[in-house]
Amino acid sequence: MSMTTEAFSDVHLPDYPARRTTAEYRALDAAHHLHPFSDMATLNRTGSRVIVKGQGVYVWDSDGSKIIDGMAGLWCVNVGYGRKELADAAYRQMRELPYYNTFFKSTHPPVIELSALLAELAPAPFNHFFYCNSGSESNDTALRIVHRYWATRNKPAKKFVIARKNGYHGSTIAGGTLGGMECMHEQMPSRMENIVHIEQPYFFGEAEAGLTPEEFPLSRAQRLEAKILEIGADNVAAFIGEPFQGAGGVIFPAVTYWPEIQRICRKYDILLIADEVIGGFGRTGEWFAHEHFDFEPDLITLAKGLTSGYMPMGAVGLHDRIARAVIENGEFNHGLTYSGHPVAAAVALANLKILRNENIVERVKCDTGPYFQQQLRETFANHPIVGEVSGVGLVAGLQLADDPATRKRFQNGAEVGTVCRDFCSSGNLIMRATGDRMLLSPPLVIERQEIDEIVSKAKAAIDATARQFGRL
Ligand code: PXG
C-alpha cells in the first residue's frame, strides 16, 4: 500500500529524520531496539508495526494503513492525537525555560499553575501534589510518603503494604513488587520487602461457590481484613489498589467492594492508596475513578492522562491530613531531577484545560460512555464466546469464554486472546488482550460514529476468533 499524503503532510522539517521504508525500519528496529515486555527473538522474526502519525482517535502505520486506536496508546491519549495546543504549549515552554529544577528553594510558573489546577479538579481534600516522570515512580513516591507519614506519627513499625494479585502498579522494583503479576515477580529475584498480596475481586474468573455477584466482592474485601489480622494492624502501613484493574483485564468490582475496603482501612488505621494511573482524568466519566466507586483514598497516584501521554509525567496527590504530616515534620528526602519538569507541566496544564474547557469528562459520563457501554452490551449479548462485558465510561473488558452461560473459560485462553488481538490488528483496530480478556480504552474525545467503528471491528474480530475455534 502506498503512503497517503494526508498521513504524512506535516513532516517537512529540515532536521526530521528521512523516511525509510517499512522494511528498513524493521531491520534497524530489530538490530538495535529492545522493546518492553517482548520476546525479542520472536518479534524480530515478524517485525513490529511502525506507527508514524496520529490524529484524533486514529494512528497510521508506515504502510499508510489507518488504524482506529481502541486503547488510546497505552490507556493515556485521553484528548486524542494531534492536539496543536499541546504542541504549542511544549514549544513555548521550551523556548522560555526548557528546564529548571524544583529543588533548593526553586520553583517555576508551569508547576505552580499545574498544582493549582489539579487542586481545583481533584476532590476537595486533595490540595498538594508531588511530581515524577511515570506511573511507576508515582507509586514509588507514594510508598515513600506512606513511610514518612507513619514515621511522623511515631509508628515506624507500620511497614507492610498490602496489594492485590493481578494488580499492576508499574515496572520499577517497587512498582513491580506492588503489582501482582507473577511473570514479573519470577524475573525479580530481589523484590521490595514487606509487600504482600491478597486475592482480586474478579468474579467471572474466581467466583466462590455459593456466593452471589453481590456477596463475592465483600468476601474479597474480607481478605484484606484477614491479612491485616495475620500481619498485625500495628505493622501494616497501607493498602494499594487500582479502582478498577486495567492491565489485569479491566476487572470492575461490584459497588460494594471499595466502601468495604475503605471501612477496613479506617478500622485498622491503614492508609488507602488509589492507583489512578489509568482511572484518572475522565476514563470512567468522573475525573477520578475513586469518585465513581465512591470512596476516599489518602493518596492518589497519577500519570498517563495527566499529559494525555504527550509528555512523560507522574504525580501523587495527597489528602490534606497526609500533606500536613509531610509538610510539618521537616525534610522529605525524596525527589527526581525532573520532578515538576516545566515542559511536562506546561503540557499537562494545557491538556487539563482541554479536558475541562471542552467538557470532555462530562461527555464521557452522559453521552459517549453510556453509548459505548450500551453498544458493546447489545452487540455481544448472547455471543457464543463472550461471557461478560465489564466497564463504565470509556473503558471495557470483554471476557472470552468457552461456555459463557456456565462461565467456563477456554483452556488455552491466552492463545484465544492472542488470536483475537491479531484479528483486530489485521482489521485495523487496536484492542489489547490480557489472557482471555479483550480490553478497550479509546481516547475520551471519541465520537459516536467512531464508537460504532470500534464495536463493529471488535465484533468482526471476535466472530472470526469464534469461527477459528469452531464456535460459530
Ligand atoms: N499503575 C497503573 C494502574 C498502570 O496501569 C502504571 C502504574 C505504571 O505506569 P508507567 O508510566 O510507569 O508505565 C501503570 C502502567 C498494558 C500496559 O499493556 C499498562 C501499563 C503500562 C504499560 C502497558 O496494559 N500501565
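Reader: How many helices and strands does the protein chain have?
Author: The protein chain has 18 helices and 15 strands. The model is a predicted one.

Reader: How much of the protein chain counts as buried, and how much area is exposed?
Author: Buried residues make up 54% of the 472.

Reader: What share of the contacts joins residues at least 24 apart in sequence?
Author: The share is 70%, counted among contacts between residues at least 6 apart in sequence.

Reader: Which domains does the domain assignment give?
Author: Domain 1 takes in 49–82 and 360–468, while domain 2 covers 84–357. Their centres, taken over C-alpha atoms, are separated by 26 Å.

Reader: How do you know which residues of domain 1 and domain 2 count as being in contact?
Author: Contact requires heavy atoms within 4.5 Å. By that test, 36 residues of domain 1 are in contact with 33 residues of domain 2.

Reader: Why is the pair of phenylalanine 130 and phenylalanine 332 called edge-to-face?
Author: A pair of aromatic rings is described by the distance of the centres and the angle of the planes. Two rings pair if their centres lie within 6.5 Å, and an angle over 60 degrees counts as edge-to-face. By this rule there are 12 aromatic pairs. For phenylalanine 130 and phenylalanine 332 the centres are 5.8 Å apart and the planes stand at 75°, so the pair is edge-to-face. The pair links distant parts of the chain, 202 residues apart: phenylalanine 130 is in strand S4 (residues 126–132), and phenylalanine 332 is in the loop between helix H14 (320–327) and helix H15 (342–357).

Reader: Why is phenylalanine 332 called buried?
Author: Buried means under 20% relative accessible area. Phenylalanine 332 has 17%, and therefore counts as buried.

Reader: Which residues form one aromatic cluster?
Author: The cluster is formed by Phe239, Tyr257, Trp258 and Phe295.

Reader: Why is phenylalanine 204 called buried?
Author: Its relative accessible area is 5%, so phenylalanine 204 falls under the 20% limit. Phenylalanine 204 lies in helix H10 (residues 203–206). Not counting residues up to four places away in sequence, phenylalanine 204 touches Gly387, Glu388, Gln399, Ala401, Arg407 and Arg409. Glycine 387 is 183 residues from phenylalanine 204 in sequence, yet their C-alpha atoms are 8.2 Å apart.

Reader: How do you know whether threonine 465 is buried or exposed?
Author: The relative accessibility of threonine 465 is 0%, so this residue counts as buried. Threonine 465 is part of helix H18 (residues 448–468). Beyond its neighbours within four places in sequence, threonine 465 is in contact with Ile385, Val416, Val419, Cys420 and Phe423.

Reader: Why does glycine 397 count as buried?
Author: Glycine 397 has 0% relative accessibility, which means it is buried. Its place is in strand S12 (residues 395–400). Leaving aside neighbours within four places in sequence, its contacts include Gly249, Val250 and Glu388. The C-alpha atom of glycine 397 is 37 Å from that of threonine 337, and the two residues are 60 apart along the chain.

Reader: What is the phi of lysine 105, and is this residue buried or exposed?
Author: Most residues other than glycine have a negative phi. Lysine 105 is not a glycine, and its phi is near 65°, a positive value. Lysine 105 sits in the loop between helix H5 (84–96) and helix H6 (109–121). The exposed class begins over 50%, and lysine 105 has 90%, so it is exposed.

Key:
Residues numbered from 1 in each chain as written. Predicted model: local features only at pLDDT ≥ 70, side-chain atom pairs only at ≥ 80, totals over all residues. Heavy atoms only, no water. Phe/Tyr/Trp six-rings, centres within 6.5 Å; stacked < 30°, edge-to-face > 60°. Helix = DSSP H or I, 4+ residues; strand = E, 2+ residues; numbered from the N terminus. Buried < 20%, exposed > 50% of the residue type's maximum accessible area, 1.4 Å probe, protein only. Domains from an automatic or database assignment.
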